[in-house]
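Please look over the sequence and the model shown here before reading on.

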Number of protein chains: 2
Amino acid sequence: MSQRKVISLESIRVACRHCTLASLCLPMGLESGDVERLDELIKRTRPLHRGDLIFRKGDRFKSLYVVKTGSVKTFAPSKEGAEQVLGFHLPGELIGLDAIERDTHVCSAKVLETSAICEIPFPRLEELTAIIPSLQHQMYRLLSKEIAHETDMLLLLGKKSADERLAVFLLSISKRLHKRGLSSTDFYLSMSRHEIGNYLGLAVETVSRIFTRFQEEGLMRVDRKHIEILDVRSLELLVGGAGQSRRQHQQHT
Amino acid sequence: MSQRKVISLESIRVACRHCTLASLCLPMGLESGDVERLDELIKRTRPLHRGDLIFRKGDRFKSLYVVKTGSVKTFAPSKEGAEQVLGFHLPGELIGLDAIERDTHVCSAKVLETSAICEIPFPRLEELTAIIPSLQHQMYRLLSKEIAHETDMLLLLGKKSADERLAVFLLSISKRLHKRGLSSTDFYLSMSRHEIGNYLGLAVETVSRIFTRFQEEGLMRVDRKHIEILDVRSLELLVGGAGQSRRQHQQHT
DNA sequence: ACCCTTGTTTGATCTGGATCAAGTGATCCT
DNA sequence: AGGATCACTTGATCCAGATCAAACAAGGGT
């Protein structure tokens with residue numbers, strides 16, 4: 001999702017309190033003294049490159065991870081090499097929350113482009129949350145947000161048409177980039193059509209065809225990974241449910 | 001999901017420490033002193049009846065809820081009266097976790113049969129978790145578990161065939177009843193075919209047809225809401241992915 | 001006991017997207 | 001630079017499951 005592919009080695013050493021993401025990330029709303037305490041336990045590793053794994057399914061759970069720059073996909077690999085893409089993660093987003101319960105990662109995380117990742121050892125974070133109420137609250141919020149988001153995805157996969165799914169996907173990326181100070185209408189996708197389709201429960205060919213059609217209809221311009229949103233309004237209408245999704249009977253009881 | 005429809009008015013007054021669910025529920029693993037402190041903040045209301053709402057989407061978030069007896073569905077209502085069923089909840093299961101972030105309920109919860117519900121005011125719970133580390137850990141675990149579970153559902157809705165979805169559903173109910181000391185092979189469903197289909201992203205007719213076919217194949221016996229699982233092994237094989245789901249290409253990068 | 005409403009089943013038909021098949025354009029490697 | 005591989009696009013066909021239609025069964029209320 002790089003607006004620019006250059007990443008500064010400088011920047012990855014910078015602490016939370018100087019990080020531009022602080023307002024989106026774990027430190028959100030903390031007092032500066034508390035941010036420093038959080039800072040102390042965060043490890044910043046050298047940048048990872050396209051295809052590198054942050055963790056894989058089955059690994060012992062030790063830490064949560066935050067994307068600092070770049071982008072990451074999480075996916076559930078199955079025996080036969082097939083997989084389900086579970087999410088795409090942009091800077092400031094927390095990864096690994098699903099591993100706490102089983103003490104084992106239940107999905108894998110792979111870097112989609114050169115990325116910097118912050119590592120947060122969970123046991124130490126847990127200790128810290130017990131003594132910083134606002135950090136504890138932030139953790140509950142982040143966990144809850146993840147649940148609410150997956151709930152939205154369930155609705156998407158259970159009830160929406162292919163067009164709606166793509167529209168939701170594009171608007172989601174667009175909004176998230178915007179929050180990070182990037183253009184909401186002109187960006188590069190760091191994931192392949194295949195990965196998009198997998199994520200949305202669609203075949204690659206369907207994704208490709210719909211992108212083409214959206215372009216013909218003047219909703220967007222597509223050139224390879226480069227996307228320009230031309231008509232946000234129409235995309236939003238599509239999502240709203242103008243083209244009435246799939247089966248929507250009235251309910252009972 | 002009632003093995004028996006009779007519920008004892010006596011039992012709903014009983015505190016956590018005498019509750020048979022304690023080992024599945026929030027108090028899991030707590031010391032008895034801590035259970036008592038938790039007990040003090042839990043409200044137990046009179047039983048609700050089929051169709052009653054525990055909360056509805058948009059309500060201010062104040063409490064989490066636990067099913068004590070009976071069963072509950074959560075669903076996201078949409079403007080036009082259509083809805084997406086998000087989950088079915090059995091005794092010991094916590095509801096409302098997705099509301100923490102927005103401070104507002106993002107789905108509604110409706111009782112499927114006469115049920116007793118425990119209410120846990122969240123602000124007080126949050127205070128308590130800050131001073132009882134094992135309770136805090138338990139909360140993280142429960143939130144994480146919810147995420148991991150929804151992740152499984154994403155895979156189900158994104159990649160699995162109708163047969164697999166039904167098999168997963170039946171085995172899930174079966175296992176959860178078993179954990180609660182009930183029969184895993186002989187039970188009553190408290191939800192309608194319509195709700196099952198909605199939950200699994202299938203039309204009612206498809207659910208009905210597959211139940212009929214499963215019966216013809218000797219996997220189960222179906223009589224209205226009454227289910228008898230005859231061949232767990234085969235259902236498990238179905239889930240494993242014998243009938244190879246949907247499109248499962250190899251992946252890239 | 002009977003009517004009405006609602007849930008369920010079964011059959012016939014339709015269709016959105018998956019699958020199959022090719023061709024084209026990028027990117028990478030030596 | 002040349003060749004191989006991989007990602008994407010486009011067209012043709014197929015099919016699992018949705019939708020439409022109808023009959024039936026069960027429970028609930030009066």
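## Basis of the model

This is a predicted model, in which local features need pLDDT of at least 70 and side-chain atom pairs count only at pLDDT 80 or more, while totals for chains, interfaces and linings use all residues. Residues are numbered from 1 along each chain as its sequence is written, chains are lettered from A and ligands numbered from 1 in the order in which they are written, and side-chain values use heavy atoms, with hydrogens and water left out.

## Aromatic pairs between the chains

Over all chains, the structure holds 13 aromatic pairs, where rings of Phe, Tyr and Trp (its six-membered ring) pair if their centres lie within 6.5 Å, and planes under 30 degrees apart count as stacked, over 60 as edge-to-face and the rest as tilted. One of these pairs is formed by A:Phe122 and B:Tyr140, edge-to-face at 5.8 Å centre to centre with 70° between the planes. This pair crosses between chains, from helix 2 (residues 122-131) of chain A, which holds A:Phe122, to helix 3 (residues 133-159) of chain B, which holds B:Tyr140; helices (H or I, at least four residues) and strands (E, at least two) are DSSP runs, numbered from the N terminus.

A:Phe122 counts as buried at 4% relative accessibility, and B:Tyr140 counts as buried at 0%, given that buried means under 20% relative accessible area, exposed over 50% and partly exposed in between (1.4 Å probe, protein chains only). The rings of A:Tyr140 and B:Tyr140 have their planes at 45° and their centres 5.6 Å apart, so this pair is tilted. A:Tyr140 lies in helix 3 (residues 133-159) of chain A and B:Tyr140 in helix 3 of chain B, so the pair joins two chains. A:Tyr140 is buried too, with a relative accessible area of 0%.

One aromatic cluster is formed by A:Phe61, A:Phe122, A:Tyr140, B:Phe61, B:Phe122 and B:Tyr140.

## Helix 1 of chain B

In helix 1 (residues 32-41) of chain B, the buried residues are B:Asp34, B:Val35, B:Leu38, B:Asp39 and B:Leu41. Seen down the helix axis, these buried residues fall within an arc of 165°, so they line one face of the helix; the arc is that of the directions from the helix axis to the C-beta atoms. The face turned away from the buried side carries the exposed residues B:Ser32 and B:Glu40.
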